[in-house]
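Dear colleague,

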Amino acid sequence: MSEHIIMARSALLNVMVSAAIKAGKSLSRDFNEVENLQVSRKGPADFVSKADIRAEQIVYDELRKARPTYAFLMEEGGEVAGTDGQHTWIIDPLDGTTNFLHSIPLFAVAIALQRGDDIVASVIYNPVMDELYTAEKGGGAWLADRKRLRVASRRHLSDAVITTGIKTQGTSNDALQLRQLASINPAVAGIRRSGSICVDMAWLAAGRYDGVWEAGLKPWDVAAGFLMVKEAGGVVTDFAGQPGSVWNGQVVAGNETIQAALLKTLKPIQ
């Protein structure tokens, strides 16, 4: 559903958008270099780790300058204490690192702001596609400030495209996910695996995907998308059906009907 109005950003969201776009431009420049490095003997892995750290530093510097009292939780830099006791920036400077490493143009910068126990603002920016997703608590979710986002309205799993993330380290989460995959696959129209949970959650909010499920996630993986989906009218829980938290590492999300059906399929699988 499109609404022909322009979203009025708060000062806080403006700061977040500016930081994400600046980091995204840095990643885009580095991404072009990675494509050249693919043919070198050494390979691009070390270069990509530097690109990741560089993008995070840009986000950190921009946000610290604008709100010097806020705390940080970052994928690369860890925790940095704040002095106001209420606000924490949660940052993933490059979600989709493996995609980036292999010159696959699907990755994002993600920034969320936690106030007390709530995520109150979020930005997901995909620099290659130049898609900027934003959300503020109570203000809806938006693409490029001009399109109000709503989760898709499909009501049957058999019509739904669901996305997940399956890693290869052989952990218990991975084994569980393969069992879940075997059960969900025949029930849905299709399963996708993009390699970026932040993009997955943004695309769910935009109605491109109908559902998301994944485990083994970190707060910076899901904080921005968590608010995005809820502000687009979606439901987010853990595998037990409890209200979703960015801290428990599990996500089952979709519109009310698809999320419930997905959860019903997942619950018996141990």
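The largest pocket is lined by 21 residues, among which D95, G96, K167, R193 and G195 lie nearest its centre. A pocket here is an open set of points on a 1 Å grid over the protein atoms alone, where a 1.4 Å probe fits, with protein on both sides within 12 Å along at least five of seven lines; lining residues have an atom within 4 Å of a point. This is a predicted model, in which local features need pLDDT of at least 70 and side-chain atom pairs count only at pLDDT 80 or more, whereas totals for chains, interfaces and linings use all residues. Residues are numbered from 1 along each chain as its sequence is written, and side-chain values use heavy atoms, without hydrogens or water.

The space in the largest pocket is about 470 Å³, a volume being what is filled by probe spheres set on the points, which are joined across faces, edges and corners. At least two lining residues come from each of β3 (87–95), α3 (97–101) and α5 (197–205); helices (H or I, at least four residues) and strands (E, at least two) are DSSP runs, numbered from the N terminus.

The second largest pocket has a volume of about 180 Å³. Its lining comprises 13 residues, with D117, D118, I119, F226 and K230 nearest the centre. Helix α6 gives the largest share of that lining, four residues.

Eight strands form an open sheet of mixed pairing, in the order β2-β1-β3-β4-β5-β6-β7-β8; strands pair if DSSP finds at least two bridges between them.

Yours sincerely
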